[in-house]
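Please keep the structure open while reading.

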Amino acid sequence: MIPLFRAYPALQERLPYAPLASLPTPVRAWDALGSEVGAGRLYAKCDGESGADYGGNKVRKLAFLLAAARARGAREVITFGAAGSNHALATAIYARKLGLAPILMLAPQPNAENVRRNLLRGYAAGADLRHFQGRRAVSRATVDEVLRLHRETGRRPYIIPAGGSSPLGTAGFVNAALELRDQVAAGVLPAPDVIYVASGTMGTCIGLLVGLAAAGLETRVEAVRVTVAPFTSPEKARHLFARTVGLLRRADPGFPDLAFPETRFAIRDEFLGAGYARYTEAGVAAVDRIKAREGVVLEGTYTGKALAGLLADAVAGTLEGRTVLFWNTYNARPLAPAIQSVDYDQLPAPFHRYFVEPVQALER
Ligand SMILES: *Cc1c(COP(=O)(O)O)cnc(C)c1O
């Protein structure tokens with residue numbers, strides 16, 4: 001049983017949950033990097049291993065969201081994101097596992113090797129890949145598409161929000177914080193003073209913040225911005241925190257009525273660079289460094305920027321003597337076996353450009 005349900009048994013009766021994730025995810029010491037940068041103790045929470053077929057932070061959210069789709073009787077799910085979205089790909093892979101057909105609405109983004117791999121993997125998973133471009137937001141276009149499908153075919157796909165960051169998806173990271181508390185209690189690591197995590201649509205950092213408060217841990221969360229507002233913003237943080245606590249309290253009145261922990265949360269704006277999925281010198285340097293020191297593969301859109309934030313604070317001396325946890329949100333499972341037999345010209349034509357055009361300069 002997941003720690004969230006063990007702590008608040010009524011939630012198990014009231015919240016849909018499909019055991020898609022391999023939990024708990026391991027914690028590993030990053031001693032080489034830790035001693036090099038002068039952090040007291042440095043650990044990584046390895047959510048890259050959160051699923052057998054595909055890992056990363058989205059699996060924890062989808063365990064709730066896809067179960068909700070099934071509980072509603074949906075046969076299809078639709079979600080949206082940028083062309084190389086890890087969330088869209090995770091949705092495709094795990095929807096299929098539950099017998100749901102995935103539709104992915106994908107908006108343009110800066111080119112990268114990851115975009116190519118994720119598109120091929122989504123195709124291999126049998127997703128219906130749709131290129132979306134236009135002045136309407138992709139979220140709005142998705143709602144229009146669902147209405148059109150219903151009108152013309154009677155189909156009613158279940159909508160999964162961007163990044164899976166509804167209150168229900170966010171509950172996946174409330175559980176993750178309770179899982180961390182159990183690992184602390186078991187002596188796997190000391191209670192961290194601070195967690196560094198990338199913030200895209202905020203479900204990850206805010207779910208952790210709710211869960212840490214519920215667990216009575218005084219850990220600070222440094223949410224390293226990788227998107228612009230409204231995807232990441234102080235207002236969104238407070239709103240999602242309150243809505244997630246509200247959802248959990250409605251489902252189990254025993255869940256505490258938590259106030260937003262103002263002094264234990266910060267959005268870090270310095271590492272975004274030119275925008276979402278645009279690599280930065282600091283982010284790429286962080287990716288190279290962790291590969292060299294710990295043999296861990298990160299990427300430039302999310303985790304490289306989050307690690308750049310940690311490294312900058314280490315240089316500034318604020319991590320001395322502290323226990324620091326890097327929440328690694330990036331898939332660690334290989335995609336190559338599933339995409340070997342797929343050629344890009346099998347994809348819908350609007351996606352071919354990612355394979356013809358060069359990747360962005362910092363990746364070359
Ligand atoms: C989606 C994603 C994030 C951001 O998570 P949010 O919950 O959307 O803030 C971080 N890292 C990786 C690798 C991701 O795919």
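This is a predicted model: local features need pLDDT of at least 70, side-chain atom pairs count only at pLDDT 80 or more; totals for chains, interfaces and linings use all residues.

P230 sits in the loop between β8 (220-225) and α10 (234-251).

Another cis peptide bond joins L23 and P24, where omega is about 0 degrees. P24 belongs to the loop between α2 (9-14) and β1.

## Positive phi angles

Most residues other than glycine have a negative phi, and most peptide bonds are trans. M202 is not a glycine, yet its phi is positive, at about 80 degrees. M202 is placed in the loop between β7 and α9. With a relative accessible area of 1%, M202 is buried, because buried means under 20%.

A277 is also not a glycine and has a positive phi, about 65 degrees. A277 is located in the loop between β9 (265-268) and α11 (281-294). Its relative accessibility is 1%, so A277 counts as buried.

## Ligand site

Which residues come nearest to the ligand, of the 15 around it? They are K58, K61, T201, T204 and T329. By class, the shell consists of 9 polar, 4 nonpolar and 2 charged residues. Three helices or strands each supply at least two residues of this shell: α4 (58-71), β7 (194-199) and α9 (203-215).

For N86, a polar side-chain atom is 2.8 Å from a ligand oxygen; for N57, the corresponding distance from a polar side-chain atom is 2.9 Å. G203 takes part through its backbone, with a polar atom 3.4 Å from an oxygen of the ligand. The ligand taken alone exposes 380 Å², of which the protein buries 98%.

## Salt bridges

How many salt bridges does the structure hold? The count is 24. One of them pairs E49 with R28, with the closest N and O atoms 2.8 Å apart. This pair links distant parts of the chain, 21 residues apart: E49 is in the loop between β2 (41-46) and α4, and R28 is in strand β1 (residues 27-29). R28 has a relative accessible area of 38%, so R28 is classed as partly exposed.

D53 and K97 form a salt bridge through their side chains, at 2.7 Å from N to O. Here too, distant parts of the chain are linked, since D53 lies in the loop between β2 and α4 and K97 in helix α5 (residues 86-97), 44 residues apart. D53 is partly exposed, at 31% relative accessibility.

A further salt bridge joins R353 and E357, whose closest N and O atoms are 3.1 Å apart. R353 is partly exposed at a relative accessible area of 29%, and E357 is partly exposed at 34%.

## Nonpolar surface patch

V143, L147 and I159 make up a nonpolar patch on the surface, and together they have about 230 Å² of accessible area. L147 is part of helix α7 (residues 138-153). Is L147 buried or partly exposed? Its relative accessible area is 49%, which means L147 counts as partly exposed.

Key: Residues are numbered from 1 along each chain as its sequence is written. Side-chain values use heavy atoms; hydrogens and water are left out. Patches are made of residues with over 30% relative accessible area and no salt bridge: like charges are joined within 9 Å, nonpolar side chains (Val, Leu, Ile, Met, Phe, Trp, Tyr) within 5 Å. Accessible areas come from the Shrake-Rupley method with a 1.4 Å probe; for residues, only the protein chains shown count as cover. A salt bridge is a side-chain nitrogen of Lys or Arg within 4 Å of a carboxyl oxygen of Asp or Glu. Helices (H or I, at least four residues) and strands (E, at least two) are DSSP runs, numbered from the N terminus. Buried means under 20% relative accessible area, exposed over 50%, partly exposed in between (1.4 Å probe, protein chains only). A residue is near a molecule or strand if one of its heavy atoms lies within 4 Å of it. A polar contact is a pair of N or O atoms within 3.5 Å; within protein, one must be able to donate a hydrogen and the other to accept it, and residues adjacent in sequence count only if both atoms are side-chain atoms. Ala, Val, Leu, Ile, Met, Phe, Trp, Tyr, Cys and Pro count as nonpolar, Asp, Glu, Lys and Arg as charged, and the others, Gly among them, as polar.
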